[in-house]
Amino acid sequence: MGYTDPSSSRDLLGNRTLFFIFICAFAVVTLLQQILYGRNYLKRYFEFYEGPLEYNSTKCLELRQDIIEVKVLSMVKQTELFDRWKSLQMCKWEMNVTEANLFKSTLSRCCNAPSFLFTTQKNTPLGTKLKYEVDTSGIFHINQEIFKMFPKDMPYHRSQFKRCAVVGNGGILKNSRCGREIDSADFVFRCNLPPISDKYFMDVGVKTDVVTVNPSIITERFHKLEKWRKPFYDVLQVYENASVLLPAFYNTRNTDVSIRVKYVLDDFESQQAVYYFHPQYLINVSRYWLGQGVRAKRVSTGLILVTAALELCEEVHLFGFWAFPMNPSGIFITHHYYDNVKPRPGFHAMPSEIFNFLHMHSKGILRVHTGTCS
Amino acid sequence: MAGLAWKWPRTRLPVGASALGVFVLCWLYVFPVYRLPDEKEIVQGVLLQQGKAWRRNQTAAALFRKLLEECCDPGQLFAMTKMNSPMGKNLWFDGEFLYSVTIDNATYSLFPQATPFQLPLKKCSVVGNGGILKKSGCGKQIDQADFVMRCNLPPLSREYSKDVGSKTQLVTANPSIIQKRFQNLLWSRKAFVDSVKVYNHSYIYMPAFSMKTGTGPSLRVYYTLADFGAKQAVLFANPNFLRDISKFWKSKGIHAKRLSTGLFLVSAALGLCEEVTIYGFWPFSVDLHGKFISHHYYDNVLPDSGFHAMPEEFLQLWFLHKSGVLRMQLEPCEDPPLIQPSA
């Protein structure tokens with residue numbers, strides 16, 4: 001029925017043929033590109049993989065060198081860095097004691113967590129005029145009541161713990177099954193009141209020894225603790241006997257809510273301790289990392305915790321520290337393991353922090369876990 | 001002199017007229033037209049009445065209750081409830097000039113469905129905090145009532161329970177107390193929760209919507225008690241009720257910036273209860289026998305002058321006592337125990 005173009009079958013170099021040739025050409029070019037530039041990507045499929053390689057094997061030295069030689073993040077494409085990182089995963093990790101000790105001694109000179117991490121009665125005597133970290137004009141006068149809240153001395157000392165886990169909240173933790181490995185650590189740090197409920201404990205574990213709380217969370221989710229307090233207390237109860245760590249003297253807005261946390265826990269007769277970051281420690285840590293190329297308005301809580309952990313623990317393991325939109329294999333992940341709320345842009349320099357961790361991993365100072373655990 | 005003459009108006013009152021004006025003012029100052037009887041006269045008046053037996057006048061009580069119901073409707077409007085304050089209602093504060101809040105979802109959820117009492121209440125005791133209660137031994141009599149109302153979170157510790165009783169169904173709390181004694185409940189709240197434990201299962205009645213500064217502390221009292229799972233419940237005073245009561249008493253001739261909590265409570269009790277007995281309403285510095293007494297039964301902190309008109313309020317209550325609407329207990333309920341001379 002109907003009319004068909006009689007010339008259509010004779011259209012040798014007509015529109016349709018040209019179109020088909022064009023598609024074929026495009027496909028060939030794409031394939032060639034894959035083969036030429038994705039060498040590493042294909043290589044893994046050709047190489048025979050026989051279990052994790054020894055730490056000191058030449059292959060591993062080479063792979064580690066691949067990462068260490070990336071001096072700044074912008075030197076390579078992100079995918080290239082991911083590939084190198086992924087290749088390194090086949091090597092076993094071992095601590096490099098010399099490198100680690102060197103690094104730790106640098107930290108002890110700059111920051112000295114074992115005596116300055118928290119405000120204590122020893123390092124902040126009564127009547128001290130405490131300077132805030134960012135509100136440089138702001139001064140907090142330590143009176144009797146606040147002074148009594150401080151611990152007598154730092155509760156932790158240098159290299160007290162054998163194996164520590166610092167748990168970030170990166171979406172990379174989702175379905176990682178790392179819960180058991182995290183729980184097996186001697187000391188576990190967590191950031192920003194993360195959920196560790198039944199839904200997540202397989203991936204993130206439950207053991208918590210120190211949990212930080214960002215005062216902005218208290219302000220937003222708990223009305224500065226001026227109204228209900230039980231919900232906040234219930235949230236903290238999940239962490240059982242974990243100490244609560246707050247940047248009370250970061251800026252003037254944080255102080256009141258942070259101090260209120262102490263009152264809440266006292267009122268409900270909780271055993272949990274409340275500690276406050278010493279503002280001078282925070283200043284020193286950010287200054288140190290600024291020197292290492294972390295340019296941000298503020299270093300993240302995770303970075304501060306890792307820095308502290310490096311001084312307090314012999315071996316530091318990082319979980320959930322991965323601030324890229326995709327995992328090393330290129331699959332997109334959520335921002336946090338529990339939600340996908342992106343942070344305020346330009347506040348933290350997460351990629352640069354992670355990049356530093358990867359470096360430190362390659363040098364054997366700490367270990368970054370980005371894959372799944374057995 | 002020329003300059004002065006320029007400033008003064010050409011025509012002015014004759015000297016005699018101004019002198020007369022000044023004289024009249026002085027006269028009124030020395031012998032005011034409206035004058036409150038002073039303390040001694042009131043005590044004398046009370047003493048004259050004291051000998052006579054008091055009898056409840058049912059008709060007068062019913063009449064007064066009807067009067068209150070017409071003006072203020074205590075049964076419905078006594079507290080903020082979901083029924084009388086629907087969401088979105090504009091609430092005008094009774095202690096502020098032209099200030100209102102709209103009831104939002106969060107606030108609405110704090111109100112009970114309706115006034116949570118079994119109305120009408122049978123026998124009520126309203127306990128003021130007057131120093132006259134000290135060594136009165138009225139505790140037992142106060143506790144015999146079905147419903148005991150107290151003012152401003154009074155102490156009920158063991159040393160006072162003989163005089164003021166221990167039972168409480170309703171206790172008012174002034175936001176200013178929360179502010180002074182408990183730092184607005186912004187810091188530690190345990191002290192507050194512990195201090196209201198003596199009131200057992202009672203309602204804490206707070207004027208949350210009278211003053212701007214009172215709203216925050218009052219709501220915080222609610223949050224605090226809910227957080228701790230305390231036995232006490234919070235009722236918020238209805239500003240419309242408070243305003244109506246003030247108007248009612250103003251029309252009866254009480255000139256004060258604000259009525260005292262005690263009078264609010266007595267008015268509410270008169271509307272809610274069938275029999276009302278009031279204790280500890282005695283704002284004078286001497287008792288009926290001329291002995292000096294402290295201002296409160298627990299301390300002697302005098303209030304700011306010129307805020308409440310206590311003597312006027314007392315006279316009104318005394319008038320109600322005389323007409324048999326309520327009973328005012330001023331004498332000790334039982335003879336004070338003789339002090340045993342130590343051997």
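I will start with the conventions and then take the two contacts in turn.

This is a predicted model, in which local features need pLDDT of at least 70, side-chain atom pairs count only at pLDDT 80 or more, and totals for chains, interfaces and linings use all residues. Residues are numbered from 1 along each chain as its sequence is written, chains are lettered from A and ligands numbered from 1 in the order written, and side-chain values use heavy atoms, without hydrogens and water.

Now the interface. Chain A brings 14 residues and chain B 13 residues to the contact, where contact means heavy atoms within 4.5 Å. Between them the chains bury about 1,300 Å², 58% of it on carbon and sulfur atoms; buried area is the accessible area (1.4 Å probe) lost on being put together, summed over both parts. On the chain A side, A:Trp228, A:Arg229 and A:Asp267 lose the most area, together 43% of what that side buries.

The count of salt bridges between the chains is 1. A:Glu269 pairs with B:Lys190, the closest N and O atoms being 3.1 Å apart; the rule asks for a side-chain nitrogen of Lys or Arg within 4 Å of a carboxyl oxygen of Asp or Glu.

Next, the helix pair. Helices H4 (residues 78–88) and H15 (residues 350–363) of chain A pack at an angle of about 35 degrees, axes 12 Å apart. Helices are DSSP runs (H or I, at least four residues), numbered from the N terminus; axes are lines fitted to C-alpha atoms over the stretch in contact, and angles run from 0 to 180 degrees between N-to-C directions. H4(A) contributes A:Leu81, A:Trp85 and A:Leu88, and H15(A) contributes A:Phe355, A:Leu358, A:His361 and A:Ser362.

Key:
Buried area is the accessible area (1.4 Å probe) that two parts lose on being put together, summed over both. Helices (H or I, at least four residues) and strands (E, at least two) are DSSP runs, numbered from the N terminus.
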